[in-house]
Every structure is written in structure tokens, then in C-alpha cells.
Amino acid sequence: MTNLPSGFKIADLIVKRLEGKLNAEEEQFLEKWKYAREENLVLFHKLAQNPEKLYFTKEVKLESANKEDVWRQIQTKVIKDKQIQLKQQVMKIAAMLIAAISVGGFLLTISNNSVHNEPVAILPGKNQAMLVLSGGEKYQLSEKVNLEEKGMQISNNSKELVYSKVAEKVSEEQTYNTIIIPKGGEYKLTLADGTKIWLNSNSKLRYPSQFGTGVRKVQLEGEAFFQVAKDKEHPFIVDVTTAEIKVLGTSFNVNAYNDQDEIFTTLVEGKVEVKDDLRGVSQELSPNDQLCFNKLNGKTSKKIVDTRLYTAWKDGRFVFENRSLEDIMIRLSRWYDVDVFFLTNSIKQLKYTGDVARYDNINSILDMIEVTKKVKFTIKDRSVMIEENCK
């Protein structure tokens, strides 16, 4: 990561986030900074809206604020050319406001005169994905795809990508494809062996276009529901980086997002074995079992659950029972492709139960939560601010 002074490092990361260019390390660093202080979270929310407009309206207020030393230091380091491009403008905003926060009280001054932004309609997710072939060719699955790769036919409709044999004998050379589901997306995949996979938002699956003579192995980041075709001679394995889920023929859900410390495997039918790759420990699951595996320390816990709570997403429902508001908002942020900010940390652990259509407007779900009169939501652009309802 670039070795910049603290304020400018954050500014640089905010710019890269707006441009969609953060790597995993930078994303983690920025997330830690955002939630370190409430002021940081509010500042990030402001910068993520309309940086160009925000800069020109705040510049006069910054000059007139009683922060001459801070302004002079930032001005000499950042303002070199009045004909700067948008990236440089955002850098100036971020650096100036971050520095001002350290002096105290300034953020409130400019907040009272914030720029009005027209509300943006936040639509639910939809069927969208990108296919990456072994040679690096990329295809957006919102468009019709009809390809042939080493004896395999690859085609799609609006909701599903399907692999099927077109030759009596396919190539013995194994080639790997990847399907990537963005935030606000979902897609279904049928592999050459007949295995069906439903992929949730912000997920990625790497898999061979045709399976060889050994195990059938795929690699998952994110969440997917598997309906595995039975084949006793060729076990099916889902690799989730630190663990492997081994099955013969069964239906199960795996939640293994990279930004979470825990992996959840929920078995609907059949039998699976979850193995800790690092420690060599494994556990078997029976129908209705859910295994929680901690990637950091290898600890596991198993319990019997209502599987619908963890699989309803593939059938177009959000179903949650006594779930924390933080967990619910994580799910909503992925599906509606929004940023979520808790302005009151204590409300993260409030518990809610509900069953709503996944394709409803986000306001329908937030209104249902607001009925409890415990929290208040504010939507600006693609950001949802959550605070305690003190009325």
C-alpha cells in the first residue's frame, strides 16, 4: 500500500473505492478506518455521494472556517492546479475533511449546509453474471452466449448457464471456467454432470468445464446452493479456501464470503463431510444440520436448524428468524448493492424476524423494521444510514 501520510492515504483509498479499484488489503484497511470512529463513517458517506459537487460547495466554507493552519498545510500539499480532474478533486475533499475532523467540531459546521441530492431508486438485484473462460475471454451473461470449448457446449438463457457434451469423446485436458456474480446479482449454473448450482450476490465459482476421472471439485467464494448429481465413483468437493465440503449426491447451502470469519454449511438432504484443511479435522452432517466453521481458529459448532432460513434466497425470499440487524443489513447490502452505515453501534444487535419477497423495493423491508420504532433509516444515493430512533 502506498506509504502516504494518514489523511492522504485514506483519501487515496476513498478515491480508489469510488473508481472500483481497491484490492483486498486496501478494502480491509478502509473498512477498519470507516468503523473506527463515528465521524469517519459520516465523512465516508458524504464523500461517496457526489464528490465533484461537494468539493465546489464546501471549498468556501473550508477557507472561512477557523482552521487556518490545517487549511494552509493541506493547500500547499494538494492544491497545485485549478484545472484538476475529478480524482484530484476527491483527494482534496477527503484530505481536507479528514484533517478537519482531527481539530474537532468542523464536520458539524459543514453538515448543517449539506448539498441536496436527488434520491436514487434502489432496485432489487437481478439475474446477472460474468463468465470467464480458461483463456481469459469474458462474457456478460445478460447477453446470449453460445460457445464450444473442448467438446463442451456452453449456452445460456436469462437465468441459467448450461454445460453439455456435444462430442462423443471430450478432451481429457481439464480447463477451468469462472462465473462471477456481482453485488445485486444472482445466477444459476448447470454443470456437465447435471449438478445444479444457484449462486448468490457477490459470489464467484471456479470449476472445470468437464470433470475428469477423479473427484469433481469446484472452488467457491461467497454463497451458493448446490444440488449435486449422484455419482458414487466421483465424490463432489466444494473448496472454500480453508475447508472442503465432500458429498456424493445431496442438496446443501454454503455461505463462505471472504469478508466473514465463519463458513456456514447447511444440509438439506443427503450427507456431507466438512474437513478443516489446516488441521485435518472433519465432521459429518445429516439433514437439517448446520456447521459453523471459524476460519481463524478452526473452531466448529453444529446445530439443527430450519433450513429454509438459509436457502429461501434461491426461491426469491428473505427469511430471517431472530437475526441481528447487522446480519440482515449485510444480506440486503449485497442484494441491493448499497453501502450500509450504522451511526449507532448499539443497534447492530437488535433482533428481528421476518419473511419478505426478495424482489420487493428495499423500502418495503426497511419500513417493516422501522415499525418497531427502535431504529430510523435514511437513504441517500446508494447509501443507507441507520441510527437509533430516539423519539
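In this predicted model, Val-375 has Glu-388 of strand S24 as its bridge partner. Strands S23 and S24 (residues 383–388) run antiparallel and are joined by 6 bridges.

The two strands belong to an open sheet of 3 strands, ordered S21-S24-S23, with mixed pairing. Strand S21 (339–342) and strand S23 (375–380) are at the edges with a single partner strand each, so one side of each has no neighbour in the sheet. On average, neighbouring strands of this sheet are turned by 20° against each other, direction ignored. Helix H10 packs on the sheet and touches S23 and S24; the direction of H10 makes about 155° with that of S23.

Helix H10 (residues 362–370) also packs with helix H9 (residues 325–336), at an angle of about 170° and with the axes 12 Å apart. H9 is therefore roughly antiparallel to H10, since the angle is over 145 degrees. On the H9 side, the contact is made by Leu-325, Ile-328, Met-329, Leu-332 and Tyr-336; H10 contributes Ile-362, Ile-365, Leu-366 and Ile-369. By class, this contact has 9 nonpolar residues, with no polar and no charged ones.

Confidence in the model is as follows. The protein averages a pLDDT of 80, and 74% of the residues score at least 70. Among its elements, strand S9 (residues 196–199) has the highest mean pLDDT (98) and helix H7 (residues 106–111) the lowest (36).

| Stretch | pLDDT | Contacts beyond near neighbours in sequence |
|---|---|---|
| residues 73–86 | below 50 | 15 contacts |
| residues 96–118 | below 50 | 47 contacts |

Notes:
Residues numbered from 1 in each chain as written. Predicted model: local features only at pLDDT ≥ 70, side-chain atom pairs only at ≥ 80, totals over all residues. Heavy atoms only, no water. Axes fitted to C-alpha atoms, helices over the stretch in contact; angles between N-to-C directions. Helix = DSSP H or I, 4+ residues; strand = E, 2+ residues; numbered from the N terminus. Parallel < 35°, antiparallel > 145°, perpendicular 65-115°, else oblique. Contact = heavy atoms within 4.5 Å. Nonpolar A, V, L, I, M, F, W, Y, C, P; charged D, E, K, R; others polar. pLDDT = per-residue confidence, 0-100. Pairing = 2+ DSSP bridges.
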